[in-house]
Amino acid sequence: MNSPYFSHGRSVVTRSGQRAAGSRPAGSMRSKLTNSLRTAAPGPSAALKVEAEEARVSEHRASPGGCHEHTDNLPLPSQSRRRQMKVEYDKDEVVSPVKTEQWEPLDWRKQLGLIHEMRSGRDAPVDNMGAEKCYDTEAPAHVKRFQVLVSLMLSSQTKDQVTAAAMQKLRAHGCTVENILNTDDETLGKLIYPVGFWRNKVKYLKLTSAMLRNEFGGDIPNSVEGLVHLPGVGPKMAHLAMSIAWDQVSGIGVDTHVHRISNRLGWLRKPTKSPEETRKALEEWLPRELWRETNWLLVGFGQQVCLPVNPLCSVCLNQHSCPSAHKNSPTKRPKAGLPRSPSPVSTWKIKTEPGNKSAVKDEMTNEGGAVPTPVSPTKQRRRRKTKVNG
Ligand code: SF4
């Protein structure tokens with residue numbers, strides 16, 4: 001055993017089956033194999049389980065078709081113990097590959113482009129009476145910002161026309177922080193009536209004006225965090241105020257129109273229940289450079305075409321890709337024999353040509369070839385009876 005080819009630490013088994021001096025027990029070999037494989041593992045996620053098994057004694061000598069390679073120089077079968085290794089990956093510790101692909105709706109770019117086309121006239125109420133149009137352009141910067149905030153506070157649960165009229169009266173009265181604080185509640189109520197929840201809004205206007213004077217030097221806060229702490233100001237108003245008053249994009253202003261349309265178009269990974277939930281879901285995939293336009297684009301679209309009740313799907317350019325098309329529309333299931341709707345593009349062209357009536361009006365009055373609203377069989381029978389009796 002003085003041969004240089006034998007070294008300590010190796011397991012050597014003699015032909016007689018005795019372990020030679022200096023050889024290690026089987027447990028040491030297992031340990032060594034385990035350690036070496038662990039060392040060679042590609043990373044912590046690929047934990048190796050090494051199982052060393054004692055080899056069974058081969059019986060192939062007895063087998064007639066057995067291996068004939070055994071010679072006297074090789075160990076006997078009972079002595080030819082081979083160490084077998086079984087390498088298994090521990091399933092619990094396997095780390096799934098990092099997902100780099102970001103979810104986005106299938107047709108959103110095309111749908112957004114078509115909404116732009118439908119909004120090209122910029123003739124929705126929000127285009128002329130939204131918060132961007134309600135402040136005094138001649139006023140000092142901090143007063144303009146205050147007026148933007150006031151118009152946003154008044155616009156909640158209120159039509160743009162009503163908000164714009166209230167803002168006109170307030171501005172004529174003097175819509176500044178000091179003036180609001182010096183106006184009694186009754187007068188203020190009369191000025192903003194009939195905006196929705198006008199009594200609460202009188203209280204909020206007073207409290208907010210006091211906070212602005214005492215804590216912000218008469219200006220409005222320049223952060224979403226600061227704005228949402230003001231009484232009567234929620235996340236939608238805060239993001240819109242940041243955009244309109246401070247010219248900063250902090251998030252998407254999601255109101256009831258944006259919330260509804262995003263859900264109808266399938267622009268959310270899963271349906272959402274509140275505007276705030278919708279905002280977060282939209283901001284996950286919508287490119288930031290489109291956040292600013294999203295509010296006015298979808299609000300106007302919601303005011304003119306994708307109405308809360310009975311959306312005008314038959315004139316909507318997205319009717320072929322929208323998963324909600326005709327589900328809530330009065331022309332959902334045209335009866336057999338009724339004329340088919342003209343192509344949406346041609347219908348929309350009727351609207352955009354100067355001098356023609358709007359597609360919205362066409363749909364409502366059945367002018368311009370839109371499909372007439374189906375009449376129920378009961379109503380048809382009643383009409384026939386009336387004719388006969390008449
Ligand atoms: S097809 Fe109908 S539901 Fe869909 S976006 Fe257009 S108007 Fe709205």
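Guide: Helices here are DSSP runs of H or I with at least four residues, strands are runs of E with at least two, and both are numbered from the N terminus. This is a predicted model, in which local features need pLDDT of at least 70 and side-chain atom pairs count only at pLDDT 80 or more, while totals for chains, interfaces and linings use all residues. Residue numbers start from 1 along each chain as its sequence is written.

Let's stop at the loop between α7 (185-192) and α8, where P194 has its place. Y193 and P194 are joined by a cis peptide bond, with omega at about 10°. Although F197 is not a glycine, its phi is positive, about 55°.

F197 has 14 C-beta neighbours inside 10 Å, so it counts as partly exposed.

Now follow the chain into α8. Axes are lines fitted to C-alpha atoms, for helices over the stretch in contact, and angles run from 0 to 180 degrees between N-to-C directions. Under 35 degrees counts as roughly parallel, over 145 as roughly antiparallel, 65 to 115 as roughly perpendicular, and the rest as oblique. Helix α8 (residues 198-215) packs with helix α4 (residues 141-155) at an angle of about 155°, their axes 10 Å apart. That is why α4 counts as roughly antiparallel to α8. The crossing of these two, α4 and α8, is right-handed; a crossing has that hand if the near helix is turned clockwise from the far one by less than a right angle, and is left-handed if anticlockwise.

For the residues involved, contact means C-beta atoms, placed from the backbone, within 7 Å. On the α4 side V150, M153 and L154 take part, and they meet K201, Y204 and L205 in α8. By class, this contact of α4 with α8 has five nonpolar, no polar and one charged residues. Nonpolar covers Ala, Val, Leu, Ile, Met, Phe, Trp, Tyr, Cys and Pro, charged covers Asp, Glu, Lys and Arg, and the others, Gly among them, are polar.

Elsewhere, a positive phi turns up at H326, near 65°, again in a residue other than glycine. H326 sits in the loop between α13 and α14 (344-352). With 17 C-beta neighbours inside 10 Å, H326 counts as partly exposed.

For another helix pair, look at α11 (residues 256-264) and α12 (residues 275-283): their axes come within 9 Å and cross at roughly 60°. That makes α11 oblique to α12. T256, V258, H259 and S262 of α11 make the contact with P275, T278 and L282 of α12. Its classes come to three nonpolar, four polar and no charged residues. The hand of the crossing of α11 and α12 is left.

Stepping back, the protein has 16 helices and two strands, and buried residues make up 27% of its 390 residues.

Terms used:
Two residues are in contact if their C-beta atoms, placed from the backbone, lie within 7 Å. A residue is buried if 20 or more other C-beta atoms lie within 10 Å of its own, exposed if 12 or fewer, and partly exposed in between; C-beta atoms are placed from the backbone.
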